[in-house]
Amino acid sequence: LRKRNGFRVNEFILLTVKGEGIEKLESFKEEMKKGVGAKDVVFGEVKGDFKGKIEFDGKEFEIGFSRVI
């Protein structure tokens with residue numbers, strides 16, 4: 001989603017994630033931050049200028065993110 005929305009590799013985002021079974025993702029917060037270039041990952045709500053869906057461990061999650069300036 002970052003690439004499709006014109007983000008450069010050196011730009012950071014704020015990532016928000018919501019979905020059933022979110023507890024599984026919470027244990028990977030630091031890995032997620034590094035993997036997607038996020039300054040922070042917030043679980044339980046979806047906010048941001050860009051939204052989409054991802055699949056992890058057979059479950060679908062809603063995500064939202066915005067540029068961090």
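Tutor: A nonpolar core is a set of buried Ala, Val, Leu, Ile, Met, Phe, Trp, Tyr and Cys residues joined through side-chain atoms within 4.5 Å. Buried here means under 20% relative accessible area. Keep in mind that this is a predicted model.

Student: How many residues does the largest nonpolar core have, and which have the most contacts inside it?
Tutor: The general idea is that in soluble globular proteins, nonpolar side chains tend to be buried together. In this model the largest such core has 14 residues, and the ones with the most contacts inside it are Leu15, Val17, Leu25, Met32, Val41 and Phe43. The elements giving two or more residues to this core are β1, α1 (22-26), β2 and β4.

Student: What does leucine 25 touch?
Tutor: Setting aside residues up to four places away in sequence, leucine 25 touches Val17, Met32, Phe43, Phe56 and Phe61.

Student: Which elements does the chain have, and in what order do they run from the N terminus on?
Tutor: The chain holds two helices and four strands. Read from the N terminus on, the elements go β-α-α-β-β-β. The radius of gyration of the chain is 11 Å, close to the 11 Å that the globule rule gives for 69 residues, so the chain is as compact as a globular protein of that length. The C-alpha trace spans about 30 × 20 × 20 Å along its principal axes.

Student: What share of the residues in the chain is buried?
Tutor: Buried residues make up 33% of the 69 residues. The accessible surface of the chain comes to about 4800 Å², and 50% of that belongs to carbon and sulfur atoms.

Student: How should I read the sheet, and in what order do the four strands stand?
Tutor: Two strands count as paired if at least two bridges are found between them. Here the four strands form an open sheet in the order β2-β1-β4-β3, with mixed pairing. The edges are taken by β2 (38-43) and β3 (50-56), each with a single partner strand, so one side of each is left without a neighbour in the sheet. On average, neighbouring strands of this sheet are turned by 25° against each other, direction ignored.

Student: Do β1 and β2 pair in the parallel or the antiparallel sense?
Tutor: Strand β1 (residues 13-18) pairs with β2 in the parallel sense, over five bridges. Follow two positions across: leucine 14 has aspartate 40 in β2 as its bridge partner, and threonine 16 has valine 42 in β2.

Student: In what sense do β1 and β4 pair?
Tutor: That pairing is antiparallel, over six bridges. Leucine 15 has phenylalanine 65 in β4 as its bridge partner, while isoleucine 13 stands opposite arginine 67 in β4.

Student: How many bridges join β3 to β4?
Tutor: Seven bridges join these antiparallel strands. One of the pairs is glutamate 55 with glutamate 60 in β4. β3 and β4 form a hairpin with two residues between them. In the turn, aspartate 57 has a positive phi of about 55°, although aspartate 57 is not a glycine.

Student: Where does helix α2 lie?
Tutor: Helix α2 (residues 29-36) lies across β1 and β2, and runs at about 135° to β2.

Student: Is arginine 2 buried or exposed?
Tutor: Compare its relative accessible area with the cut-off: arginine 2 is buried, at 17%. Arginine 2 lies in the segment before β1. Leaving out residues up to four places away in sequence, arginine 2 touches Phe7, Arg8, Val9, Glu11, Ile13, Val36, Gly37 and Phe65.

Student: What about asparagine 5: where is its place, and how does it count?
Tutor: Asparagine 5 is also in the segment before β1. At 29% relative accessibility, asparagine 5 counts as partly exposed. Beyond its neighbours within four places in sequence, asparagine 5 is in contact with Phe50, Phe65 and Arg67.

Definitions and conventions:
Residues numbered from 1 in each chain as written. Predicted model: local features only at pLDDT ≥ 70, side-chain atom pairs only at ≥ 80, totals over all residues. Heavy atoms only, no water. Axes fitted to C-alpha atoms, helices over the stretch in contact; angles between N-to-C directions. Contact = heavy atoms within 4.5 Å. Buried < 20%, exposed > 50% of the residue type's maximum accessible area, 1.4 Å probe, protein only. Rg over C-alpha atoms; globule rule 2.2 N^0.38 Å. Areas by Shrake-Rupley, 256 points an atom, 1.4 Å probe, with all protein chains shown as cover.
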